[in-house]
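Here is a short note for your review. Please read it with the model open.

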Amino acid sequence: MQFHHHGYVSGDPRILPAAGVGVDRPAELPDEVDVLIVGTGPAGMIAAAQLAQFPEVDTRIVDRRPGRLEVGQADGIQARTVETFQAFGFAQHIIAEAYRITEMNFWKPDPQRPTHIVRTARTPDDPTGISEFPHLIVNQARVLDYFGDVAANAPARLTPDYGYECVGVEVAEEGEHPVTVRLRCTAGEREGQVRTVRAKYVVGCDGARSAVRESIGRKLVGDKANHAWGVMDVLAVTDFPDIRTKCAIQSHTGGSILLIPREGGFLFRMYVDLGVVPPDDQGAVRRTTIDQIVAKANAILYPYTLEVKDVAWHSVYEVGHRLTDKFDDVPHEQVGTRTPRVFITGDACHTHSAKAGQGMNVSMQDGWNISWKLGHVLTGRSPESLLDTYSAERQVVAQNLIDFDREWSSLMAAKPEELEDPTILEDFYVKTAEFPAGFMTQYEPSMIVADDSHQELAGGFPIGKRFKSAPVVRVGDTNPLHLGHHHRADGRWRIYVFADRPAPGEPSATADLAAWLATSPESPVVAYTPDGADIDAWFDVKVVYQQPHPEVDLGAVPEIFLPRVGPFALIDYEKVYATDPEHDIFELREIDRGGAVVVVRPDHYVSHVLPLDAHQELAAFFAQSMRAGAGERRTAPKPQATPA
């Protein structure tokens, strides 16, 4: 964490100075806004936290509830999501309070006594070390609280406007605020009253019964629910030995349980198989009582017993896999003729079972994807065409999720004798570990994702996939750390320069690139960073040298990697790195010793890999997604002034 560069900070450095719309922010929901987010679920709150970093953008978020969520349905936090928490600054805080999954155990009928279950396998949760972050279990309400803190402490000082339910959205063909949202008050003195808010853009995060989705004519299409599960968060006494370990339990009757220990050391969740739902059920299964769910759980666990002492929450749901054909309001026949104004995220556009632990995780990536893009468009950094990439990227991810969840849910619900291979469930869990962990997403080429023509220069950073961090040593203070952990959710692009063999001060392609980045009118840093802003305001440029840190002379490092920032033009020493002698990032990530440039989007995904001398290709790439002429641009290097 960096602070003090604008003067001494005596309080909590996570509370950033208010700016823009965050100064004297009106308590009452205004009639006009730039962005209106509907729904304070995971997608909505991460979008709010990201847009709150853009104080020039007037963003508000509404929800039909009268206040914060107290008990959330979702609880699984995949490693990719913990990486995301790191970008927003609270990964270590939430890790400290969460339950950590390190293993999954599998229980099946005992071949000698089929009415009894026995443990048949133990499988590591992350056998390949896909991330340095763990797989966690923590209540959704706590996740929303953390994002709420980020948004409230950001420059825009964004907090939810509770007690407003969206009842309709209309999009006009023109106008500065073309989207009209009708909101009904759900609490307080004005309960039942309807008012309107006009917005430039609307993000619908309002769940499976989304009014935003219905208003733009999108429909959830897919399999009808035909299998029901009872889910309960309970405090209980049991002789089942793995009650504090994640388990998949299959009984001789065909009933199954997915057991998820919860945070705090005592609470746990059970997804209890209630069986196939008859076509003429007419919702009867949803009236299954908690006592019936507990009884079913005891039957599956036999010979072990479960004595429930307290029920924190329970519900009954039916598995259904549904998806909309597009995640915005632009009809297919109008794509390319106008840009979207309304976007849908999470359950509003894709639904599936909870047992793959993906709903909250994928929804958050939806929200992050669209929010940084809206921030760039509304601050003039990017053209509106950037917004077309949201639906194109996220709809494919949702389809892949549904395909995965359909197979996983079917395996969980099957009777043991119905499975061709008795170990197919645990084998599938291990084989597909990268997908539920959140790391299979790979975006196709677009205006913000290049082709793979230079991929061989950095094979460990696949273009379109998330930037997989690795250990390095920060030269200025000799601290070992992970390179990706300094990537904050501040809306900036990252340009990582992996240096060629010469040391700083010697002639090299790295030195030539540094000079071009700092002085050429074609450099994205020069071409797009506004005059008067810090040189790293829009582009965070870092260098990793091949030498160990004692051999890197900071006095010889080019100034673009040691920028002057803040009103006192202080030197930022946290952009120069060396290899960790025990974990050489060049070897770990298959980086060519001749050097490479790795470009990373604001949401952690690798956009491009280039040779160090591909200056024109780098300029051409950013020319697609950065908006020239949006205000005064830097036309010459900013003087590296020395404060008096």
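1. A definition comes ahead of the strand pairings: two strands pair if DSSP finds at least two bridges between them. The model is predicted.

2. By that rule, β4 and strand β7 (residues 135–137) are paired: three bridges link them, in the antiparallel sense. Arginine 100 has leucine 136 in β7 as its bridge partner.

3. This pair belongs to an open sheet of three strands. The order is β3-β7-β4, with antiparallel pairing. The edges are β3 (76–77) and β4 (99–101); each has a single partner strand, so one side of each is left without a neighbour in the sheet.

4. Next, strand β5 (residues 103–109). Six of its seven residues are buried, so β5 is largely enclosed by the rest of the structure.

5. Strand β5 has antiparallel and parallel pairings. Strand β6 (residues 117–124) runs antiparallel to β5, joined by seven bridges. Here phenylalanine 106 stands opposite alanine 121 in β6. With strand β14 (residues 246–250), β5 pairs in the parallel sense over four bridges. Tryptophan 107 stands opposite isoleucine 249 in β14.

6. Which residues of helix α13 (residues 615–625) are buried? They are His615, Leu618, Ala619, Phe621, Phe622 and Ser625. They cover an arc of only 160° around the axis, which puts them on the same side of α13.

7. What covers the buried residues of α13? The cover includes the strands β23 (493–498), β24 (539–545), β28 (596–600) and β29 (606–610). Helices α10 (509–519) and α11 (524–528) are also part of the cover.

Key:
Residues are numbered from 1 along each chain as its sequence is written. This is a predicted model: local features need pLDDT of at least 70, side-chain atom pairs count only at pLDDT 80 or more; totals for chains, interfaces and linings use all residues. Side-chain values use heavy atoms; hydrogens and water are left out. Buried means under 20% relative accessible area, exposed over 50%, partly exposed in between (1.4 Å probe, protein chains only). Helices (H or I, at least four residues) and strands (E, at least two) are DSSP runs, numbered from the N terminus. The arc is that of the directions from the helix axis to the C-beta atoms. Contact means heavy atoms within 4.5 Å.
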